[in-house]
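Hi everyone, thanks for making time. Let me put the structure up, and then I'll walk you through how it is packed.

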Amino acid sequence: MTLTATLLLLTWMALIVLGFALAGLLSRVHRLEQQVAGAAPAPAGAGAGGPPVGVTAPSVPGLNLEGGAVLLFADRECGSCRRVLPAVAAAAGPGRPVHVLWSGPRPTTVDDATGVVHHEEAGAAYAAFGVRAAPWLVAVDAAGTTAASGAAGSEDRALALLDAVGPTDAGEADR
């Protein structure tokens, strides 16, 4: 095979590969356009993990949810998780304990706040609650149902999720 024929063959192969790549890209753009243009807004947490609001919170060994609780799913490498934790602990109030469910070992740089219980290696809780991202906040009411569930990547977002639940009876005067 001559040099010209080899270069011509390589050019055609490159054009075919680029054509497939462009077709894949256009297909993805088309799907995104359909989601933006015609779809109704997805409910909070839909497709992103976490339990739906209004369902009974799953039972996880070592996790006491009686009387309501706030669950913060966190990761030791997540800076947002460490920034959100103090705001969540303060906003939860004295009547609603905060359980921090670490996906691995607990970071040594996290302070112990009053009413905060840390659970290391909480992979079973992640699986039971269907959480796939951190930080994720789940508020369980006194009846044991999920009152709020969503991504808590900022203090404002975490506080908005807790505000949707409302104050606890014990912390009502403080808030």
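Of the 175 residues in the protein, 34% are buried, where buried means under 20% relative accessible area, exposed over 50%, and partly exposed in between, with a 1.4 Å probe and protein chains only. Do keep in mind that this is a predicted model: local features need pLDDT of at least 70, side-chain atom pairs count only at pLDDT 80 or more, and totals for chains, interfaces and linings use all residues. Residues are numbered from 1 along each chain as its sequence is written, and side-chain values use heavy atoms, leaving out hydrogens and water.

On to the fold. There are four helices and five strands, taken as DSSP runs (H or I of at least four residues for helices, E of at least two for strands) and numbered from the N terminus. Along the sequence they read α-β-α-β-β-α-β-β-α.

Now the inside. A nonpolar core here is a set of buried Ala, Val, Leu, Ile, Met, Phe, Trp, Tyr and Cys residues joined through side-chain atoms within 4.5 Å. The largest one has 22 residues, and those touching the most other members are Val-70, Val-88, Val-98, Val-100, Leu-137 and Leu-162. Two or more residues each come from β1, α2 (79-92), β2 (98-102), β4 (136-140) and α4 (155-165). Which element gives the most to this core? That is α2, with seven residues.

Take Leu-162 from that set. Setting aside neighbours within four places in sequence, Leu-162 is in contact (heavy atoms within 4.5 Å) with Val-70, Val-88, Ala-91, Ala-92, Arg-96, Leu-137 and Ala-139. A second, separate core has 16 residues, including Leu-63, Ala-69, Leu-71 and Ala-125.

Next, the rings. We count two aromatic pairs; Phe, Tyr and Trp rings (the six-membered one for Trp) pair if their centres lie within 6.5 Å, with planes under 30 degrees apart called stacked, over 60 edge-to-face and the rest tilted. Phe-73 and Tyr-126 have ring centres 5.0 Å apart and planes at 80°, so they are edge-to-face. Phe-73 sits in strand β1 (residues 69-74) and Tyr-126 in helix α3 (residues 123-129), so this pair ties together parts 53 residues apart in sequence. Phe-73 is buried at 0% relative accessible area, and Tyr-126 counts as buried at 12%. Ring pairs link Phe-73, Tyr-126 and Phe-129 into a cluster.

Last, charges. With a side-chain nitrogen of Lys or Arg required within 4 Å of a carboxyl oxygen of Asp or Glu, we get one salt bridge. Glu-77 and Arg-76 form it, their closest N and O atoms 3.9 Å apart. Glu-77 is exposed at 64%, while Arg-76 is partly exposed at 33%.
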